[in-house]
Amino acid sequence: MILGKVVGTIVSTNQNINIKGAKLLLVDTCNTKGEQNGDFLIALDLVGAGYDEVVMISQSTSARETPMTKNKPIDAVIVGIIDVMDEFEKVVYKK
Amino acid sequence: MVLAKVVGTIVSTQKEQNMEGIKLLLLEKIDPVTLNGKNDFVVSTDAVGAGLDEIVCLAAGSGARQTTLTKGVPTDASVIAIVDSIEKDGKFTFQKNKNL
């Protein structure tokens with residue numbers, strides 16, 4: 001998985017994703033301290049991630065391993081919201 | 001998925017059998033804030049009927065084949081949504097048919 005920070009939302013009515021209640025979030029990949037890299041991607045939100053939260057994103061085929069995205073044209077999903085991250089026994093990120 | 005803009009179409013008469021009958025688009029990946037092109041072009045199949053200059057959502061990899069139109073088509077990039085608006089940090093950076 002990769003780390004990303006939720007920075008916005010994408011609205012699309014004319015689409016072929018056909019997932020009811022699909023929420024597409026604009027995510028900026030970030031480092032372990034939550035600093036953004038400026039490399040954006042769109043991910044389907046499965047866990048109710050809010051603005052400015054650091055999340056875990058799963059990409060490519062495994063993005064379809066959830067009941068909501070089975071056989072759907074989705075290649076990036078938010079699979080978890082990060083509460084705490086530590087590196088070498090030092091907390092580097094806390095929600 | 002990544003954001004891209006439809007900058008052109010591709011016509012190919014000599015191609016893989018399964019690719020026939022599906023529209024090919026020329027896309028340029030864009031930055032969601034400035035909407036400027038990143039000079040990174042992709043040839044992608046079109047699953048929603050996107051037109052020129054529209055901002056779209058591009059699915060890559062095996063996800064591109066999961067739509068009814070692209071089932072069994074040897075594509076690894078498909079337009080799966082036409083973007084109506086992009087909101088970042090509480091502000092709209094793009095709204096369709098509203099020139100900011």
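Student: Okay, where do I start? How many residues of chain A are in contact with chain B?
Tutor: Chain A puts 26 residues in contact with 27 residues of chain B. Keep in mind that the model is predicted.

Student: And how much area is buried between chain A and chain B?
Tutor: About 2,200 Å², and carbon and sulfur atoms give 52% of that area.

Student: How many salt bridges does the rule find across the interface?
Tutor: Zero between chain A and chain B. Polar contacts are another matter: 15 residue pairs are in polar contact between chain A and chain B, with both residues at pLDDT 80 or more.

Student: Which strands of chain A supply residues to the side that touches chain B?
Tutor: β1 (2–11), β2 (14–15), β3 (24–30) and β4 (36–45) of chain A each supply at least two residues. β1(A) gives the most to that side, with five residues.

Student: What classes of residue does that side of chain A have?
Tutor: There are 14 nonpolar, nine polar and three charged residues on the side of chain A that touches chain B.

Student: Let's stay with β1(A). Which strand of chain B is joined to β1(A) by bridges?
Tutor: That is strand β6 of chain B, residues 85–88. Four bridges join β1(A) and β6(B), and the two run antiparallel. To see this on screen, look for A:Val11, which stands opposite B:Ser85.

Student: What about inside chain A? Which strand does β1(A) pair with there?
Tutor: β1(A) pairs with strand β5 of chain A, residues 54–59, in the antiparallel sense over four bridges. In this pairing, A:Lys5 stands opposite A:Val54.

Student: Which strand is joined to β5(A) by five bridges?
Tutor: Strand β6 of chain A, residues 76–81, which runs antiparallel to β5(A). One pair to find is A:Val55 with its bridge partner A:Ile81 in β6(A).

Student: Where do the side chains point in a strand?
Tutor: As a general rule, side chains in a regular strand alternate between the two faces of the sheet.

Student: What's the story with A:Glu53, and where is it found?
Tutor: A:Glu53 is in the loop between β4 and β5 of chain A. A:Glu53 counts as buried because its relative accessible area is 15%, and the cut-off for buried is under 20%.

Student: What does the side chain of A:Glu53 reach?
Tutor: The side chain of A:Glu53 reaches the backbone nitrogen of A:Gly50 at 2.6 Å. The A:Glu53 side chain also makes a polar contact with the side chain of A:Lys95, at 3.1 Å. Leaving out residues up to four places away in sequence, the residues A:Glu53 touches include A:Gly4, A:Val6 and A:Ile81.

Student: Can we do chain B too? Which residue meets B:Asp46 in a salt bridge?
Tutor: B:Lys23, at 3.6 Å from N to O. B:Asp46 is in strand β3 of chain B and B:Lys23 in the loop between β1 and β2, 23 residues apart. B:Asp46 is buried, with a relative accessible area of 6%, while B:Lys23 counts as partly exposed at 43%.

Student: And which residue does B:Glu54 meet?
Tutor: The side chain of B:Glu54 meets that of B:Lys96 in a salt bridge at 2.9 Å, N to O. B:Glu54 lies in the loop between β3 and β4 of chain B and B:Lys96 in the segment after β7, so the pair ties together parts 42 residues apart in sequence.

Student: Last one: what is phi of A:Phe88?
Tutor: Phi of A:Phe88 is near 50°, a positive value in a residue other than glycine. Most residues other than glycine have a negative phi. A:Phe88 sits in the loop between β7 and β8 of chain A and counts as exposed at 78% relative accessibility.

Notes
Residues are numbered from 1 along each chain as its sequence is written. Chains are lettered from A and ligands numbered from 1 in the order in which they are written. This is a predicted model: local features need pLDDT of at least 70, side-chain atom pairs count only at pLDDT 80 or more; totals for chains, interfaces and linings use all residues. Side-chain values use heavy atoms; hydrogens and water are left out. Contact means heavy atoms within 4.5 Å. Buried area is the accessible area (1.4 Å probe) that two parts lose on being put together, summed over both. A salt bridge is a side-chain nitrogen of Lys or Arg within 4 Å of a carboxyl oxygen of Asp or Glu. A polar contact is a pair of N or O atoms within 3.5 Å; within protein, one must be able to donate a hydrogen and the other to accept it, and residues adjacent in sequence count only if both atoms are side-chain atoms. Ala, Val, Leu, Ile, Met, Phe, Trp, Tyr, Cys and Pro count as nonpolar, Asp, Glu, Lys and Arg as charged, and the others, Gly among them, as polar. Two strands pair if DSSP finds at least two bridges between them. Buried means under 20% relative accessible area, exposed over 50%, partly exposed in between (1.4 Å probe, protein chains only).
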